[in-house]
Amino acid sequence: MLDKCITLLQSYGLSSLNKLKQVHAFSIRHGVSISNPEMGKHLIFYLVSLSSMSYAHKIFSNTEKPINVFIWNTLIRGYAETNDSVSALSLYREMRASGFVKPDCHTYPFLLKAVAKIADVRLGETIHSVVIRSGFNSLIYVQNSLLHLYGNCGDVDSAFKVFDEMPVKDLVAWNSVINGFAENGKPNEALGLYKEMDSNGVKPDGFTIVGLLSACAKIGALALGKRVHVYMIKVGLTRNLHSSNVLLDFYARCGRVTEAKTLFSEMVEKNSVSWTSLIVGLAVNGFGKEAINLFKEMESKEGLLPCEITFVGILYACSHCGMVDEGFEYFRRMREEYKIEPRIEHFGCMVDLLARAGEVKKAYEYITKMSMQPNVVIWRTLLGACTVHGDSELAELARNKILQLEPNHSGDYVLLSNMYASEQRWSDVQKIRMKMLEDGVRKVPGHSLVEVGIRVHEFLMGDKSHPQSELIYAKLKEMSDRLRLEGYVPQISNVYVDVEEEEKEDALVYHSEKIAIAFMLISTPERAPIRVVKNLRVCADCHLAIKLVSKVYDREIVVRDRSRFHHFKDGSCSCQDYW
C-alpha cells in the first residue's frame, strides 16, 4: 500500500494541491501511518514543489524521527525559494541541534540562497566558515552559491576572492561575478572579466548578456554593447523578451534614443516592461513630451497596465520639462484611476517638479504634507534647488534635516558651500570646508568617461595623465579660441572659490567634460557623434560651451550627467536650458 501511495504521488503530486490532498487522504484511509518517513519524504517533496510550505511543515512535524537529511534539505530549499529566509535559517539551526542528522553538501547551497535573499553578509561569512570546516567548499555548486551570496550582498571583493580560488569555473560562476561587478558599481571590472571569459573559450548565455549590457550602460560603452547586440542576433537571443528589454534599456541609457525606438518598433512581442523602458528612456533623455505621448499609446493597448516605475518615468518627464500642472494630474491619475499607492520615488519626483520650477517654498510645504516620512534624497533635492534659486534660509533647514539622516555626505557640503560662494559669503564657505576636514569628508572628484573603439577613457578636472595629453590640451586651447569668436563668455559665477577672474576662467577651461570632448575631437572622424558620461551635474558654463562646440564643430554631443541626458546639436540642447 505504501508503494501504491508513492506511485499515486508521483503520478498526480505536481498536478494540483487538491489532488495531492486526495492522495494523502487515501493513504491515511488505507493504513499508511501519518508519521511514516518514506511517505513523509514524498509528500514534503511535492508540497514544496507546489509552494505549500505550511502544509509541508505540518507533515514534517509529524514524521517519525530520525528524519532523512533529504527532507530537511527539501524544506530549507522550499523556504529559500518562497523568500521565507527566517524559517530556512531556523530549520537549519534545528537540524544541527537535533543530533539526528548532519547537514550535507546539498544543505548549504539552499541555505546560502536563503541568506542571499536577506543580504546578510555577516551571517553569510559565518556559514561560509562552517562550509570550509565541513569540507564542502571545494564543490562547484557550493562555490557558486557563495558567489551569488556575496554578489547579492554587494561584497564583490569576497565574491571575486572565491571565484579566483576556484580551480574549475563554469558559466554560472563567470555570470555571478560579472553580474556582481556590474550591479555594484564596478562596470569596468565586469567588462574586463568578460574579456577574460571570452579568451578562455567560455561562451556567454542570456544571463551573461544581461550583466554585460548593464555594465556597458553604466559607463556608456556603446561600441562594446553593440558587439553584444550583434552576438545576440547571431545566437537568437533577440527573440527572448527579457534580453530584448535589457537591450532596449541599454540603448536608452547610452543616450541612443533612435536605436532604442527602432528596437522597440521591431520587437514582435512587447510587455509593460518594454513600454516602461522606452518611456523612462525618453524621459531621462529630455524627450518628455514623446514619453508622455508613448504613455498615452500604452494606455490605449488592451491588457497593458502601467506600473509604479512607468509613473516614475512620466513624473520625471514632467519634472524635467517644467510641466507642473501635468505632473500633478498624472500623480492624481496614478492614485485614483490605477490604484497605485505612491512610493517615495513618486513623492521625490513631485518635490523635484516644484523645485525645478523655482517653487522651493511650495516644494517644502509639499514635503511637510507627505503621507510618508521624507528620505534623504528628497531633502537633498530641496537643498539642490535652494542653491540654484538662492534660498539660503531654506537650504540650511534642508541641510539640517540631511545631517540627521545621512551625515558626512560630501555632496551636501559642496552644495551649501557653493551657495554661500555665489552670495560671496566667503567666511561661511571657509567654515563649511573646515567642517569637511574635521569630519574627514572628501569631495567626490568630477570625472568624465568617453569611448573610442572598445576602450573607455576617463578624465578628471585638469587631468594630464593621458598619453595624448599634449595634443588634447592643444585642441582644448583651439576649442576655447573658436568659442570666444562665437561670442562665448566664461560663466565665472560657476567657480565657487575666492580668486581673481582670470584664475576662475582658467579653472572652467579644465573641467573634465571639456577635456573629454577635446580628446574626442582629435580621436574620432569629423561629424562623428560624441558621447560623454559624467558623474556630477553639468555646470552652466560647460552646458553653454558644449552647445557652441556642437555648432562650431558640427558635432552631435550627448552628455549623460548624474541625473539626465543632454543632447547637444546645432548650438542647442534637448533640455531647452531647463535642467
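## Basis

In this predicted model, local features need pLDDT of at least 70 and side-chain atom pairs count only at pLDDT 80 or more, while totals for chains, interfaces and linings use all residues. Residues are numbered from 1 along each chain as its sequence is written, and side-chain values use heavy atoms, with hydrogens and water left out.

## Overall make-up

The protein chain has 579 residues, of which 50% count as buried (under 20% relative accessible area, with a 1.4 Å probe and protein chains only). The chain holds 30 helices and six strands; these are DSSP runs, H or I of at least four residues for helices and E of at least two for strands, numbered from the N terminus.

Along the principal axes, the C-alpha atoms fill a box of roughly 95 × 55 × 55 Å. Among contacts (heavy atoms within 4.5 Å) between residues at least 6 apart in sequence, 63% join residues at least 24 apart.

## Nonpolar cores

A nonpolar core is a set of buried Ala, Val, Leu, Ile, Met, Phe, Trp, Tyr and Cys residues joined through side-chain atoms within 4.5 Å. The largest one has 153 residues, and Leu75, Ile127 and Phe250 touch the most other members. Leaving aside residues up to four places away in sequence, Ile127 touches Leu89, Tyr108, Leu111, Leu112 and Val115. A second, separate core has 31 residues, including Leu476, Leu483, Ile517 and Val532.

## Helices α6 and α7

Helix α6 (residues 85-98) packs against helix α7 (residues 107-118) at an angle of about 140°, and their axes are 9 Å apart. Axes are lines fitted to C-alpha atoms over the stretch in contact, and angles run from 0 to 180 degrees between N-to-C directions. The pair counts as oblique, the class left after roughly parallel (under 35 degrees), roughly antiparallel (over 145) and roughly perpendicular (65 to 115).

On the α6 side, the contact is made by Ser85, Ala88, Leu89, Tyr92 and Met95. The α7 side supplies Thr107, Tyr108, Leu111, Ala114, Val115, Lys117 and Ile118.

## Two buried residues

His320 lies in helix α19 (residues 308-320) and counts as buried because its relative accessibility is 3%. The side chains of His320 and Arg356 make a polar contact (3.4 Å). Such a contact is a pair of N or O atoms within 3.5 Å; within protein, one must be able to donate a hydrogen and the other to accept it, and residues adjacent in sequence count only if both atoms are side-chain atoms.

Pro490 is in the loop between α27 (469-485) and α28 (501-509). Pro490 has 9% relative accessibility and therefore counts as buried. Its C-alpha atom is separated by 8.2 Å from that of Ala545, 55 residues apart along the chain.
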